[in-house]
Amino acid sequence: NYGRTPVYDRLALSTGVTPEPPETAALTEDLVAALRRDAGAPEVWETDLGAARADLRRVTERLEGRPPALPRHVKRTPPGFLIFTGQATGLIVPWTLEAFVDRALPYPVALATALHEHAHVAGYAGEAEADFVAALAGLGSDNPSVRYAVALHLFLRAAQSLPQGRYRTLFEGLPARAQADIAALGEAYRRHRAPQLLTGVQ
């Protein structure tokens with residue numbers, strides 16, 4: 001699967017092009033609306049993970065003509081293990097096709113990370129491609145927790161390219177749950193990432 005033509009090439013999508021600021025602003029505003037809509041979703045890990053797997057199978061079958069074989073469970077590492085050792089939130093073991101997520105992550109970030117890692121297991125090797133397929137699956141889900149998790153992940157990615165003042169305005173317009181989840185993610189990294197002396201990471 002890792003040798004096939006990437007999805008964005010098959011769909012003739014532009015890559016390597018930085019979106020114009022108005023496009024990014026419009027995207028983040030749409031994501032804020034999605035977060036407001038689904039902020040009240042309950043959190044039930046096995047139910048939500050099962051829904052995310054089903055969504056990914058549905059999207060992959062449409063893209064590839066067949067559903068992928070996915071693991072039934074995602075393993076959770078000790079809190080901070082992946083953040084400390086690799087500045088990562090999740091990974092897969094390619095020899096066993098096992099997916100791992102750092103237990104230090106707030107719930108929606110863990111769920112979005114699990115969906116991303118499942119996209120790797122499904123054969124989407126590149127980070128951008130796995131993100132793209134996971135976004136298709138998650139934003140189109142019937143499960144509000146999955147939609148919320150993926151919308152939060154995409155909001156954080158898109159917000160990185162916004163001016164600080166614009167980000168602050170959007171952040172203040174988020175529901176309290178999303179603000180708390182973003183704060184919890186920042187705290188997880190502050191608590192668990194390796195010291196600069198060891199990693200050279202600023």
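This report walks through the fold of one protein and then visits a few of its residues.

## About the model

The structure is a predicted model, in which local features need pLDDT of at least 70 and side-chain atom pairs count only at pLDDT 80 or more, while totals for chains, interfaces and linings use all residues. Residues are numbered from 1 along each chain as its sequence is written, and side-chain values use heavy atoms, with hydrogens and water left out.

## The overall fold

Let us begin with the whole chain. The protein has ten helices and three strands; helices (H or I, at least four residues) and strands (E, at least two) are DSSP runs, numbered from the N terminus. Read from the N terminus, the order of elements is α-α-α-β-α-β-β-α-α-α-α-α-α.

How does the radius of gyration of the protein agree with that of a compact globule? A compact globule with 202 residues would have a radius of gyration near 17 Å, and the protein has 17 Å, which agrees. That radius is taken over C-alpha atoms, and the globule rule is 2.2 Å times the number of residues to the power 0.38. Along the principal axes, the C-alpha atoms fill a box of roughly 45 × 40 × 35 Å.

## Inside and outside

Of the 202 residues, 46% count as buried. Here buried means under 20% relative accessible area, exposed means over 50%, and partly exposed lies in between (1.4 Å probe, protein chains only). The accessible surface comes to about 10,600 Å², and 56% of that surface belongs to carbon and sulfur atoms. Such areas come from the Shrake-Rupley method with a 1.4 Å probe; for residues, only the protein chains shown count as cover.

Among contacts in the protein with a separation of 6 or more, 70% are accounted for by residues 24 or more positions apart; contact means heavy atoms within 4.5 Å. As for charge, the protein has 21 positive and 22 negative charges, and their mean positions are 4 Å apart. Lys and Arg count as positive and Asp and Glu as negative, with His and the chain ends not counted. Each charge is placed at NZ of Lys, CZ of Arg, CG of Asp or CD of Glu.

Leucine 56 sits in helix α3, which spans residues 45-64. Is leucine 56 buried or exposed? Leucine 56 counts as buried because its relative accessibility is 0%. Leaving aside neighbours within four places in sequence, leucine 56 is in contact with Leu70, Leu115, His118, Ala119, Ala122, Val133 and Ala137.

With 28% relative accessibility, arginine 57 counts as partly exposed. Not counting residues up to four places away in sequence, arginine 57 touches Pro67, Pro68 and Leu70.

## Around helix α7

Arginine 147 belongs to helix α7, residues 144-159, and counts as buried because its relative accessibility is 15%. The side chain of arginine 147 reaches the backbone oxygen of aspartate 142 at 3.5 Å. Beyond neighbours within four places in sequence, the contacts of arginine 147 include Arg37 and Asp38. Proline 144 is found in helix α7 too; proline 144 is partly exposed, with a relative accessible area of 28%. Away from its sequence neighbours within four places, proline 144 is in contact with Asp38 and Ala41.

Arginine 37 lies in helix α2, residues 21-38, and at 53% relative accessibility counts as exposed. A polar contact of 2.8 Å joins the side chains of arginine 37 and aspartate 38. A polar contact is a pair of N or O atoms within 3.5 Å; within protein, one must be able to donate a hydrogen and the other to accept it, and residues adjacent in sequence count only if both atoms are side-chain atoms. Arginine 37 and tyrosine 148 are 111 residues apart in sequence and 8.3 Å apart in space, C-alpha to C-alpha.

## Two more stops

Glutamate 129 lies in helix α6, residues 127-139. This glutamate counts as buried, at 5% relative accessibility. Setting aside neighbours within four places in sequence, glutamate 129 is in contact with Arg4, Thr5, Pro6, Val7, Tyr8 and Tyr124.

Leucine 97 is found in the loop between β2 (90-93) and β3 (98-102). Its phi is near 55°, a positive value in a residue other than glycine. Leucine 97 is partly exposed, with a relative accessible area of 41%.
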